[in-house]
Amino acid sequence: MTQSDSVGRFAPSPTGDLHFGSLLAAMASFCEAHSKGALWRLRIDDIDGPRSVVGSAERIQNSLKAYGMSWHGELISQSNHSERYQRSLSSLIDTGFVFNCHCSRRQLPQGRPYPGQCRSNRLRSVDDIKEDCALRLILPATIEFDDGVQGIQRVAIADEVGDIIIWRRDKLVSYSLACAVDDALDCTEVVRGADLLSSTAAQLAIMQYLHMTPPKYSHIPVAVDANNDKLSKHSKATAIDDMDKLSTLHSAWKFLGQRPITVPDISSFWTAAASHWQLRDVPHSPRAQVSFE
Ligand SMILES: [Zn+2]
């Protein structure tokens with residue numbers, strides 16, 4: 001594969017505005033792609049109609065542009081990919097590891113993996129899909145992968161995650177299946193937050209079942225405040241559009257462990273960032289404390 005075949009991506013869900021945590025994922029994926037001469041694409045993960053916020057996809061694009069980040073080609077929307085998700089569902093059913101689950105949320109243990117009580121309802125074909133059921137997939141016991149930032153990961157997904165939903169009761173594709181299929185088919189590099197490490201393990205299992213080549217994964221630390229609380233609870237998490245953009249970029253750059261760069265404006269920030277970026281300098285921890293410039 002030549003460098004020009006490499007593709008990175010940023011894939012926000014349109015459930016709110018761009019916040020500092022998502023700016024970190026955008027910056028890290030952008031710099032990793034640009035430092036290698038790879039393409040950087042923007043994909044809106046808008047399959048969850050009920051959770052989507054009207055106007056959010058446009059506001060995310062406007063924020064990225066205001067922060068000086070442009071993406072290659074057309075905006076990609078998962079809502080246009082329903083055919084590939086349907087095909088992947090059929091292939092997963094062919095493996096014999098998909099089952100109908102009629103459990104309601106109330107019947108399931110809170111905060112623990114699915115206990116597997118519907119596993120006997122395995123499907124032989126799409127004709128076996130029941131109207132009022134979600135479809136779950138039985139995962140292998142463990143998944144191992146070499147993360148570009150966090151190192152070797154061994155995730156006991158059967159215990160930690162359980163049988164994941166691949167198709168929802170409301171007949172929408174699940175985030176796990178949609179994300180796995182799109183990342184395998186369209187990307188070679190995925191850089192995102194370490195809160196998604198176990199999701200990555202589940203998505204790698206889906207790619208294995210589908211005989212798809214996985215992208216290279218790198219998980220950056222999740223930003224926390226001085227009390228070790230996720231930044232999403234913080235006022236700074238919500239309003240990056242109102243913050244001074246160049247100093248916010250410098251705060252993100254510093255959080256990502258990169259050596260200081262001195263630049264006069266946003267466009268020269270990105271030119272310097274692409275040439276100075278070192279993935280190996282990103283902190284090798286799932287969480288890290290942020291301090292704003
Ligand atoms: Zn069930």
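**Entry 1**

I began with the contact between the domains: 22 residues of domain 1 are in contact with 23 residues of domain 2. I am working from a predicted model. I then asked which elements give two or more residues to the side of domain 1 that touches domain 2. I found β1 (7–10) and α1 (20–35). The largest share of that side comes from α1, with 6 residues. I also sorted that side by class and got 11 nonpolar, 6 polar and 5 charged residues.

Next I noted the bounds. The domain assignment gives domain 1 as 7–79 + 221–293 and domain 2 as 81–218. Taken over C-alpha atoms, the centres of domain 1 and domain 2 are separated by 26 Å.

**Entry 2: the cores**

I looked up the largest nonpolar core, which has 45 residues. Leu23, Leu24, Met27, Ala28, Ile220 and Leu256 touch the most other members. Elements that each supply at least two residues include α1, β2 (39–44), α2 (56–66) and β9 (189–193). I also listed β10 (216–220), β11 (222–224), α7 (245–255) and α8 (266–276) among them.

I picked Leu24 and checked its contacts. Leaving out residues up to four places away in sequence, Leu24 touches Ile220, Ala223, Ala252, Phe255 and Leu256. I then found a second, separate core of 33 residues, which includes Phe99, Trp167, Tyr175 and Ala205.

**Entry 3: helix α7**

Which residues of α7 are buried? I noted Leu249, Ser251, Ala252, Trp253 and Phe255. What covers these buried residues includes α1, β11, α8 and β12 (287–289). After α7 comes Gly257, and I read its phi as positive, near 80 degrees.

**Entry 4: helix α3**

I checked the length of α3 first. This helix has 13 residues, 82–94, and at 1.5 Å a residue it should span 18 Å. I compared that with its end C-alpha atoms, which are 19 Å apart, and this agrees.

Then I asked which residues of α3 are buried. They are Tyr85, Ser88, Leu89, Leu92 and Ile93. These five cover an arc of only 140 degrees around the axis, which puts them on the same side of α3. The general rule is that an α-helix has 3.6 residues a turn, so residues three or four places apart point the same way.

I turned to the face of α3 that points away from its buried side. There I found the exposed residues Glu83, Arg87 and Ser90. Over the buried residues of α3, the cover includes β4 (98–101), β5 (134–137) and β8 (164–167). The helices α5 (175–186) and α6 (197–209) are also part of that cover.

**Entry 5: just past α3**

I followed the chain out of the helix. Thr95 lies in the loop between α3 and β4. Is Thr95 buried or exposed? I counted 12 other C-beta atoms within 10 Å. A residue with 12 or fewer is exposed, so Thr95 is exposed. I also took the distance from Thr95 to Ser125, which is 30 residues apart from it along the chain. Their C-alpha atoms are separated by 9.9 Å.

Conventions
Residues are numbered from 1 along each chain as its sequence is written. This is a predicted model: local features need pLDDT of at least 70, side-chain atom pairs count only at pLDDT 80 or more; totals for chains, interfaces and linings use all residues. Helices (H or I, at least four residues) and strands (E, at least two) are DSSP runs, numbered from the N terminus. The expected span of a helix is 1.5 Å times one less than its number of residues. A residue is buried if 20 or more other C-beta atoms lie within 10 Å of its own, exposed if 12 or fewer, and partly exposed in between; C-beta atoms are placed from the backbone. The arc is that of the directions from the helix axis to the C-beta atoms. Two residues are in contact if their C-beta atoms, placed from the backbone, lie within 7 Å. Domain bounds come from an automatic or database domain assignment. Ala, Val, Leu, Ile, Met, Phe, Trp, Tyr, Cys and Pro count as nonpolar, Asp, Glu, Lys and Arg as charged, and the others, Gly among them, as polar. A nonpolar core is a set of buried Ala, Val, Leu, Ile, Met, Phe, Trp, Tyr and Cys residues joined through C-beta atoms within 7 Å.
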